[in-house]
Amino acid sequence: MKRSLTNRKIAGVCGGIAEALDMNANILRLLVFIVLFTPLALPTVFLYFVLAFLLPAGSRPTHQKKRSNIYYQTTSTRQRRSTLREAEHVGDEE
């Protein structure tokens, strides 16, 4: 069992548990939310933070490894350099 890096709201504990149990994480989150209004609220919050600390982080799918600016995803380094050079010389034409 691992914390989810993709299906998370706070630390990924509910998402990771839901993935391990093959269930919908939103249902598990709803159950935890309901338990927060019972006398088991304090142990539930304590357990959540203990699991957030102890569970290792899962791995991201390869298509979500890095979120970059769309400009850097669609242009090459050579294109970016020429664009920067052109921008530097715009005021020199007068």
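Trainee: Which residues of H1 are buried in this predicted model?

Mentor: The model is a predicted one, and burial here means under 20% relative accessible area. What covers the buried residues of H1 includes H2 and helix H3 (41–54). The buried residues of H1 are Val13, Cys14, Gly15, Gly16, Ile17 and Ala18.

Trainee: How many helices and strands does the protein chain have?

Mentor: Read along the sequence, the chain follows the pattern α-α-α-α-α. The secondary structure therefore comes to five helices and zero strands.

Trainee: At what angle do H1 and H2 pack?

Mentor: Two packed helices are described by the angle between their axes and the distance between the axes. Helix H1 spans residues 13–21 and helix H2 spans residues 25–35. Their axes are 8 Å apart, and the packing angle is about 125°.

Trainee: Is the crossing of H1 past H2 left-handed or right-handed?

Mentor: The two helices meet through Cys14, Gly15, Ile17 and Ala18 in H1 and Ala25, Leu28, Arg29 and Val32 in H2. The residues of this contact divide into six nonpolar, one polar and one charged. As H1 passes H2, the crossing is right-handed.

Trainee: Where is Asp22 placed, and is Asp22 buried or exposed?

Mentor: Asp22 follows H1, and its phi is positive, near 55°; this is a positive value in a residue other than glycine. The place of Asp22 is in the loop between H1 and H2. Its relative accessibility is 72%, so Asp22 counts as exposed.

Trainee: Why does Gly12 count as buried?

Mentor: Gly12 lies in the segment before H1. Apart from residues up to four places away in sequence, Gly12 touches Arg3, Ser4, Asn7 and Tyr48. Buried means under 20% relative accessible area, and Gly12 counts as buried because its relative accessibility is 2%.

Trainee: What distance in space separates Gly12 and Gly58, C-alpha to C-alpha?

Mentor: Gly12 precedes H1, lying in the segment before that helix. Along the sequence, Gly12 and Gly58 are 46 residues apart. In space, C-alpha to C-alpha, the separation is 9.2 Å.

Trainee: Which residues does Gly16 touch, not counting residues up to four places away in sequence?

Mentor: Gly16 is found in helix H1 and, at 3% relative accessibility, counts as buried. Gly16 and Pro56 are 40 residues apart in sequence, while their C-alpha atoms are 9.9 Å apart. The residues that Gly16 touches are Met1, Lys2, Arg3 and Ser4.

Trainee: With which residues is Lys2 in contact, leaving aside its neighbours within four places in sequence?

Mentor: Lys2 lies in the segment before H1 and counts as partly exposed, at 48% relative accessibility. The C-alpha atoms of Lys2 and Ile17 are separated by 7.3 Å, the two residues being 15 apart along the chain. The contacts of Lys2 are Gly16, Pro56, Ala57 and Gly58.

Trainee: What percentage of the residues of the protein chain count as buried?

Mentor: The accessible surface of the chain comes to about 7,800 Å², and 61% of that surface belongs to carbon and sulfur atoms. Among contacts between residues at least 6 apart in sequence, 40% join residues at least 24 apart. Of the 94 residues, the share that counts as buried is 21%.

Conventions: Residues numbered from 1 in each chain as written. Predicted model: local features only at pLDDT ≥ 70, side-chain atom pairs only at ≥ 80, totals over all residues. Heavy atoms only, no water. Axes fitted to C-alpha atoms, helices over the stretch in contact; angles between N-to-C directions. Helix = DSSP H or I, 4+ residues; strand = E, 2+ residues; numbered from the N terminus. Left-handed = near helix turned anticlockwise from the far one by under 90°. Contact = heavy atoms within 4.5 Å. Nonpolar A, V, L, I, M, F, W, Y, C, P; charged D, E, K, R; others polar. Buried < 20%, exposed > 50% of the residue type's maximum accessible area, 1.4 Å probe, protein only. Areas by Shrake-Rupley, 256 points an atom, 1.4 Å probe, with all protein chains shown as cover.
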